[in-house]
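Good morning, colleagues. I would ask you to look at the next model with me, and I shall begin with a question once it is on the screen.

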Number of protein chains: 4
Amino acid sequence: MADSIDALRTRVNNFVEEREWAQFHSPKNLAMAMIVEAAEVVEHFQWMTEADSRQLDQATKEKVGHELADTFVYLMRIAEVCGIDLIAAANAKIDLNAQKYPVDKCKGSNAKYTEYQ
Amino acid sequence: MADSIDALRTRVNNFVEEREWAQFHSPKNLAMAMIVEAAEVVEHFQWMTEADSRQLDQATKEKVGHELADTFVYLMRIAEVCGIDLIAAANAKIDLNAQKYPVDKCKGSNAKYTEYQ
Amino acid sequence: MADSIDALRTRVNNFVEEREWAQFHSPKNLAMAMIVEAAEVVEHFQWMTEADSRQLDQATKEKVGHELADTFVYLMRIAEVCGIDLIAAANAKIDLNAQKYPVDKCKGSNAKYTEYQ
Amino acid sequence: MADSIDALRTRVNNFVEEREWAQFHSPKNLAMAMIVEAAEVVEHFQWMTEADSRQLDQATKEKVGHELADTFVYLMRIAEVCGIDLIAAANAKIDLNAQKYPVDKCKGSNAKYTEYQ
């Protein structure tokens, strides 16, 4: 078991290399694969109320975990193939978001940031 | 800067709590937000050839990094709100995938696993 | 103005030909473009309650109409390029769905059809 | 068989009413269902080259037709529930696109319209 994102990334890359799948892993193809997995997450929630989506039974939680995992694996692969450091990119984006959504203006509001500008 | 997925997760959770946004973060809504961000990744590649998608210029790479980051943040939030350990879920899914896609049968093939069964 | 789906299809095809865009309109690329537009529909609703989504103000309704239109145009283009008759395909699929979801078993239930089998 | 989009819309609405599913068909839920179906279209093409996607065998073409049909049905349902005339919305959007993408500037180019402004 890979217990950090770096170890996981290595495990995923090895998985791909053993199967000689890198040839299919263009960013274009991986982006398609990622959104297909993201849609499998969405599918679990499409007819559920928001309240029910907050109280998943164990079986559904496990299935959602599998779909999240698949989405995550393709996300890591896109980052890998594009040479993007995912953790650094996430930090940089959160820095930007902190500017776009200042706490005093956004507290408790779900308005899009364009409404603040 | 958060230098591990755990530190990042804490940073994201703090960001949400400071803005009192947890009320909007039902798994249902977060799944929608995640796929919207995944689509922004897809958008960068929709008219690109596969070959071009493997050779991004620096500006595009940075933009793709931002969209991957947004997708990743919502992915972490869904895991958080559902009580799913993302790293453990990914490892469990890779274990399953290793059974579905044995190396000797899948090497160099992009066929879906149902075709092996 | 094209007042039927056939007239609309012709209008869309002319639009594409005038711009010599057919070269970019592989089914693969069009499927990506379609899901990107579908995500722009989703984006309007991601932080809205279901109840609010049923009562759109005029401005939001118009924006949703634009995104639906874009999704529809790419849907028609995929059908066109693949040689699929969209109306016939929809009728055939509804025939199948009528078998999968018999009225007496499904009335008022949002369960997936696999639960009936 | 419904041989026009109006007849198809009526058929779909009757299908929903007979099953008392309108209660689940908020625009929010329908947008989720539509993108899930759009992703099933994408899935067919994710590991295919563009060239192969232009030459589908009969079996794949039929499957793609089913997924397009499902996407189309939810698209019509969103329009229905939001009170949007899909044909009129498509015409209006094509009018806008004709302004955004003038033939003399766009011919043979896949650049986004923002690059022309």
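Which residue lies over the face of Phe15(C)? It is Arg19(C), at 3.7 Å from the ring centre. In chain B, Arg19(B) lies over the face of Phe15(B), also at 3.7 Å from the ring centre. A charge is taken to sit over a ring if NZ of Lys or CZ of Arg is within 6 Å of the ring centre and within 35 degrees of the ring normal.

Before going further, the conventions. This is a predicted model, in which local features need pLDDT of at least 70 and side-chain atom pairs count only at pLDDT 80 or more, while totals for chains, interfaces and linings use all residues. Residues are numbered from 1 along each chain as its sequence is written, chains are lettered from A and ligands numbered from 1 in the order in which they are written, and side-chain values use heavy atoms, with hydrogens and water left out.

Let me turn to the aromatic residues. Over all chains, the whole structure holds 14 aromatic pairs; rings of Phe, Tyr and Trp (its six-membered ring) pair if their centres lie within 6.5 Å, and planes under 30 degrees apart count as stacked, over 60 as edge-to-face and the rest as tilted. Phe15(A) and Trp21(A) form an edge-to-face pair, because their ring centres are 6.0 Å apart and their planes stand at 65 degrees. In chain D, the rings of Phe15(D) and Trp21(D) are likewise edge-to-face, with centres 6.0 Å apart and planes at 65 degrees. Phe15(A) and Trp21(A) are both buried, as are Phe15(D) and Trp21(D); buried means under 20% relative accessible area, exposed over 50%, and partly exposed in between (1.4 Å probe, protein chains only). Ring pairs also join Phe15(A) and Trp21(A) with Tyr101(B) in a cluster.

How are the chains related? Chain B can be laid on chain A by a turn of 180 degrees and a shift of 0.0 Å along the axis, with an RMSD of 0.0 Å. That is the relation of a two-fold axis. Of the contact residues of chain B, 99% recur in chain A, and the same surface serves both copies. Copies are superposed by least squares on the C-alpha atoms of residues with pLDDT of at least 70 in both.

The contact itself takes 73 residues from chain B and 72 residues from chain A, where contact means heavy atoms within 4.5 Å. Between them, chain B and chain A bury about 6200 Å², 70% of it on carbon and sulfur atoms. Buried area is the accessible area (1.4 Å probe) that two parts lose on being put together, summed over both. On the side of chain B, Lys28(B), Leu68(B) and Ile94(B) lose the most area to chain A, together 10% of what that side buries.

Finally, a single residue. Asp70(C) is found in helix α4 (residues 58-82) of chain C; helices (H or I, at least four residues) are DSSP runs, numbered from the N terminus. Is Asp70(C) buried or exposed? Asp70(C) is buried, with a relative accessible area of 9%. Beyond its neighbours within four places in sequence, Asp70(C) is in contact with Glu37(C), Lys93(D) and Asn97(D). The side chains of Asp70(C) and Lys93(D) are joined by a polar contact of 2.8 Å. A polar contact is a pair of N or O atoms within 3.5 Å; within protein, one must be able to donate a hydrogen and the other to accept it, and residues adjacent in sequence count only if both atoms are side-chain atoms.

Definitions and conventions: Helices (H or I, at least four residues) and strands (E, at least two) are DSSP runs, numbered from the N terminus.
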